[in-house]
Amino acid sequence: MEKHLLVAVSEDKRALYGARFVGHFFSNKEGMKITLFYTTPKPPQLWENERSHETVAQQQEQARQYEKKGRRALESGRAELRAHGFKDEQLESKLLARRYSKVMDIVQEAHMGLYDAVVLGRRGLSWIEEAFEESVTKGILEQEFTFPIWMCRQHDLERRNVLVCVDGSDESLRIVDHVGFMLRDEPGHDVTLLMVDTGKSAEGREPEAVLAKSRETLLANGVPEERVRNLVLKGSNVIKTIKKEAEEGRYAVVAVGRTGAGQGLLQKIFMGSVSWGLFRELEGLTLWVSR
């Protein structure tokens with residue numbers, strides 16, 4: 001089955017972290033399709049009393065400049081992916097005039113295109129903070145993310161393998177299923193299933209049972225058993241325990257289900273407390289989040 005990723009780009013070179021990660025992480029590029037996506041900002045609105053031949057011409061010229069920037073960003077993304085071995089026929093570019101906000105346009109495209117994941121590349125937190133503030137002003141707090149999101153910072157290219165954090169929840173099993181689908185034909189990366197034992201496991205969520213179910217989900221996706229490792233670590237602080245293992249194990253990806261919600265605005269509309277904390281803490285790797 002084809003794997004189809006939506007990779008958001010912008011004129012900011014740091015947005016290419018997503019394309020760079022995809023190109024480097026996957027050694028087996030057969031059966032993959034990448035759609036590079038860019039939405040052009042809206043030119044400043046003209047009120048009726050401001051409209052003239054000159055102001056309309058200025059607005060149209062600004063729209064053309066936005067489009068040129070978008071096409072350059074898309075071509076930069078294509079060049080990055082081609083440099084890592086993707087063929088032109090595997091790459092599609094989409095440039096759309098912004099309809100709502102940057103985030104909402106990405107969300108709508110992701111829903112309509114039924115992509116396997118949305119890939120975002122940025123050096124730090126500012127893009128997401130700015131983007132979600134924009135979405136708040138558009139009144140879209142009720143929007144739900146039904147697709148996995150990959151958040152790519154500047155990547156340490158020497159890192160390998162995937163650390164999947166599991167806790168027995170439905171969200172946890174969904175991220176395991178996603179990892180299995182993406183990695184079944186990717187022998188260059190092994191999978192470690194990590195259960196953090198805080199001593200407060202609910203009934204049916206004992207480490208052995210959780211890991212067994214998660215392992216079964218990976219194997220059902222076609223990941224060979226020899227590429228799967230189980231790991232139980234005791235710790236009262238889940239985020240710190242995961243971070244320590246991610247650094248010591250030099251993983252390329254940490255994958256986590258979005259369970260629960262944090263207290264802040266961004267946490268409530270984007271991800272749960274653990275995944276949010278990992279995004280703030282982890283560096284040099286990519287975070288995969290699924291709900």
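Here are a few friendly questions and answers about a helix contact and some aromatic rings in this predicted model.

Me: How are helix α5 and helix α6 oriented to each other, roughly parallel or roughly antiparallel?
Reply: The axes of α5 (residues 170-183) and α6 (residues 207-220) come within 8 Å and cross at roughly 30°. Angles under 35 degrees count as roughly parallel. The two helices α5 and α6 are therefore roughly parallel.

Me: Which residues of α6 make the contact with α5?
Reply: Happy to walk through that one. The crossing of the two helices, α5 and α6, is right-handed. On the α5 side, the contact is made by L173, V176, D177, V179 and G180. Their partners on α6 are K213, S214, T217 and L218.

Me: Why is the pair of F21 and W150 edge-to-face?
Reply: The structure holds 6 aromatic pairs, and F21 with W150 is one of them. This pair links distant parts of the chain, with F21 in helix α1 and W150 in strand β5, 129 residues apart. Planes over 60 degrees apart count as edge-to-face. The ring centres of F21 and W150 are 6.0 Å apart and the planes stand at 85°, so the pair is edge-to-face.

Me: Is W150 buried or exposed?
Reply: Buried means under 20% relative accessible area. W150 has 0% relative accessibility, so W150 counts as buried.

Me: Which residues form one aromatic cluster?
Reply: F25 and F26 are both buried, and their ring centres lie 5.0 Å apart. These two residues belong to a cluster that also takes in the pair F21 and W150.

Terms used:
Residues are numbered from 1 along each chain as its sequence is written. This is a predicted model: local features need pLDDT of at least 70, side-chain atom pairs count only at pLDDT 80 or more; totals for chains, interfaces and linings use all residues. Side-chain values use heavy atoms; hydrogens and water are left out. Axes are lines fitted to C-alpha atoms, for helices over the stretch in contact, and angles run from 0 to 180 degrees between N-to-C directions. Helices (H or I, at least four residues) and strands (E, at least two) are DSSP runs, numbered from the N terminus. Angles under 35 degrees count as roughly parallel, over 145 as roughly antiparallel, 65 to 115 as roughly perpendicular and the rest as oblique. A crossing is left-handed if the near helix is turned anticlockwise from the far one by less than a right angle, and right-handed if clockwise. Contact means heavy atoms within 4.5 Å. Rings of Phe, Tyr and Trp (its six-membered ring) pair if their centres lie within 6.5 Å; planes under 30 degrees apart count as stacked, over 60 as edge-to-face and the rest as tilted. Buried means under 20% relative accessible area, exposed over 50%, partly exposed in between (1.4 Å probe, protein chains only).
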